[in-house]
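Please look at the sequence and the 3D structure below.

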Amino acid sequence: MATSPCRSKRMSELTLVVPGLLPVLADDFRGGGRLAHLLARGRRHPLLDRDPDRLLFRLCGVESGEAPPVAPVSLLGEGEDPGGAYWLRADPVRLEADQAQVFLLGNRHLELDSGESQRLAAELDAHLREEGCALRAPHPRRWYLRLPEAADLRTHPPAAVLGHAIHDFQPEGADRARWQRVATELQMLLHASPVSAGREARGLASPNSLWLWGGGTLPPSRPSRWDGIRGGGPLLHGLARLTGTPWAAAPGSAAEWLAQADTGRQLVVLDAVADAALYGDRPAWVQAVEALLQDWLEPIVAALSADGPSRLWLLPGTGQRVELTRRLLWRWWRRPRGLETWR
């Protein structure tokens, strides 16, 4: 029987990336059985990359080396032109010390508004220009530092350091001493800033350091592997621009995506779970996962046996891929495994 044009349009392949979905933060949340049942029908494939940034570079076919140049690609995704300069992410963060060590608390809880972010960045930029650098702050949690030349600096993404003592995660390389000095000077400026004083008077914590990471120059453009990319943050948007792939924000639900999706290979990144997982916020994570099951995962799997994508690749944040097709969904005898097996 001939396939109708309408049905052919729905026969797309979807790769769905959900950073932070697994390993789970709560083994007893209500959606655990539903999620385990869904995963049981799929076929596991070998590990890809556990690092979420390298994974996105790999999925988009952009060369990243050992340390992906997150800063210039993200800046491109912010709508700015990184040109041929060397950029570092210079995110405002909070460090806290106990009697023996200093820990990275990140910046999720700081809730800087855009005005505070811009004023702080302007104060630091005036100092950094003496180093031949320039600081941009397109988002209160994401700042970018342009260097006058490439730096020999090996850094760590804050996601790998969050909640840990920073002693073993300091930058390395020939330019380490210079940037340790600069970082110390910036800490003093942040401490003395009128913006910090105003926040302290209101009982609010302020950033007291910049976390430098993700340095590099913009990679060359590459032919796209995808017919469309949806969702994700500025890094994915930048990779879409770099590969000439149509990009749009993630739809609010699978039903909305199915109504809009084109043919071919589609990449969707849903990051609503990622922040809660990264910061260990169990209530927020449970709420986000249950919403994800209801609005995305279960409807997409149901669409596999109806008129949706012909194949779903689910990447749940463990480095593994789960393949789901109409045929695999008929494996009713597959018993769900505990979600802890994904750790």
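The charged end of which residue sits over the ring of Trp 313? It is Arg 321, 4.6 Å from the ring centre. A charge counts as sitting over a ring if NZ of Lys or CZ of Arg is within 6 Å of the ring centre and within 35 degrees of the ring normal.

| Charged residue | Ring | Distance to ring centre |
|---|---|---|
| Arg 321 | Trp 313 | 4.6 Å |
| Arg 265 | Trp 226 | 4.8 Å |

This is a predicted model, where local features need pLDDT of at least 70 and side-chain atom pairs pLDDT 80 or more, while totals for chains, interfaces and linings use all residues. Residues are numbered from 1 along each chain as its sequence is written, and side-chain values use heavy atoms, without hydrogens and water.

The largest nonpolar core has 37 residues. Such a core is a set of buried Ala, Val, Leu, Ile, Met, Phe, Trp, Tyr and Cys residues joined through side-chain atoms within 4.5 Å; buried means under 20% relative accessible area, exposed over 50%, and partly exposed in between, with a 1.4 Å probe and protein chains only. Leu 16, Trp 285, Trp 296 and Leu 297 touch the most other members. Helix α12 (282-304) gives the largest share, 12 residues. Helices (H or I, at least four residues) and strands (E, at least two) are DSSP runs numbered from the N terminus.

Leaving aside residues up to four places away in sequence, Leu 297 has contacts (heavy atoms within 4.5 Å) including Leu 16, Leu 35 and Leu 314.
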